[in-house]
Amino acid sequence: MKVSDDTLLAYLDGTLDEDQCRAIEAAVEGDAELEQRMMALDPIAPMVQQVFDKLPSDVPVIDLPEPARAGGVLRLVAVAASAAIAAIALTFWATRPAPMGWAEQAAIYQSLYAPETIAALDSTPALLDAQFAQAEQRLGRSLNRETLEGLPGLELKRAQVLSFKGKPLIQIVFADEQGQPFAFCVIRQGPAAPNRDVKHAVLSGLATATWAQDGYGYMVLGDGAQADLGGELDVLMQSFSG
Amino acid sequence: MSTKINSEQAVRRAVQAHSRRVWRFALALSGASDVADDLVQATCLRALERHHQVTSHDRLDSWLMTICRSIWLNEVRARSVRRAQALSVTPEADLVASGPDAETNIFASEVFTQVMHLPEAQRETVMLVFVEGYSYREAAALLEVPIGTIMSRLSNARRKLKTVMQHEAAGAAQRSGK
């Protein structure tokens, strides 16, 4: 549709009839160039624009929160640093030692024992009674106290309740004839835990023997790496096998 | 160093660049400069919160206008209109009475008052097209109405404003001919 400037001015002046107006509007809708011509011819628009253009006299004061500080180069540095940290963490994770089991943890703890540690313990029968009662209650099974008290060459000193990853771990400490510490540990591992044959190892400088049966783990810890566990181990395995 | 700016920076720049335009639009919507102040502030904060929605840095001005209008319609309008009715607030014509002489100021005040007395739909359209220079189709997109509606709103507005201007022009000629 070809629309003359006169027609556009007549539209803008409001002198066209309704049908003519609708026809012009339809033409403008499909013709951006015609739209621009009409806007340029508008006699009212510039006057309104002139009046309102002065507003507001002052640029509005807008209170915006400060941008995050790490922008641009700093942000790149931050990204690089976090990537490096992630890489280091990944390296540590990939080369990490195998997660420490209860036996390793118990051995570390036991390795800190000196003769003085057990010499100072109060081992009165009443106290031992209370300790065994508590330990057996936590463990959910008997600790065969008669067997423990009958171990040749060992004096029962204390039964202590410890915990490994939420599982009750009982440490029973003895003094040998030289006053050196000797320990027997029992952990409740749960009914799903597999049985394990006895395994000898030196952990944290202590000769140890561990085995597992019927949901419980057992460990005997001698004094030093060279300690001979044979006699006690046989008795304890026999006693706790049922 | 890259000249590429992120969307948050783009929005902050747009807020700086277009705050006067948004304020004028807010004034046209609300008819009160104090409401316009609040509306612009709310608009800019909202825009900054939503900077991640920005996909193109072009025409952030019309995006700001859209946000402003949305806040006006959804959050401010009802209580502002109630207040206007209660207090019979008249458009603040003295805002534009800062010209060099009385004649100019009278004319400006009259145009301002007439624009502010237009129905809201005509007023916001006049502001976008006549004052801010948006094309009919841009205004149609911004206000979410057909182009034909924009054009007929402007025709109605012209008819009312024309009488004012003719009257003013006649009055000015009369005064200057004395």
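Which residues of chains A and B are linked in a network of salt bridges?

**View 1. A salt-bridge network with residues from chains A and B.** Asp53(A) is linked in a network of salt bridges with Arg21(B), Arg24(B), Arg59(B), Asp61(B), Glu132(B) and Glu138(B). A salt bridge here is a side-chain nitrogen of Lys or Arg within 4 Å of a carboxyl oxygen of Asp or Glu. By this rule, the count over all chains is 19 salt bridges. The model is predicted, so local features need pLDDT of at least 70 and side-chain atom pairs count only at pLDDT 80 or more, while totals for chains, interfaces and linings use all residues. Residues are numbered from 1 along each chain as its sequence is written, chains are lettered from A and ligands numbered from 1 in the order in which they are written, and side-chain values use heavy atoms, with hydrogens and water left out.

**View 2. The salt bridge of Arg46(B) with Glu75(B).** The closest N and O atoms of this pair are 3.1 Å apart. Helices are DSSP runs of H or I with at least four residues, numbered from the N terminus. Glu75(B) is partly exposed because its relative accessibility is 38%; the classes are buried (under 20% relative accessible area), exposed (over 50%) and partly exposed (in between), with a 1.4 Å probe and protein chains only.

**View 3. Glu124(B) and its salt bridges with Arg69(B) and Arg153(B).** Glu124(B) and Arg69(B) meet at 2.8 Å, N to O. This pair joins helix α5 (residues 120–131) of chain B, which holds Glu124(B), to helix α3 of chain B, which holds Arg69(B), 55 residues apart. Both Glu124(B) and Arg69(B) are buried. For Arg153(B) and Glu124(B), the N to O distance is 3.8 Å. Arg153(B) sits in helix α7 (residues 147–177) of chain B, 29 residues from Glu124(B). Arg153(B) counts as buried because its relative accessible area is 15%, and Glu124(B) because its value is 4%.

**View 4. Packing of helices α1 and α2 of chain A.** Helix α1 (residues 5–13) and helix α2 (residues 18–29) of chain A pack at about 115°, with axes 11 Å apart. Axes are lines fitted to C-alpha atoms over the stretch in contact, and angles run from 0 to 180 degrees between N-to-C directions. In α1(A), Thr7(A), Leu8(A) and Tyr11(A) meet Cys21(A), Ile24(A) and Glu25(A) of α2(A), where contact means heavy atoms within 4.5 Å.

Note on methods: Helix = DSSP H or I, 4+ residues; strand = E, 2+ residues; numbered from the N terminus.
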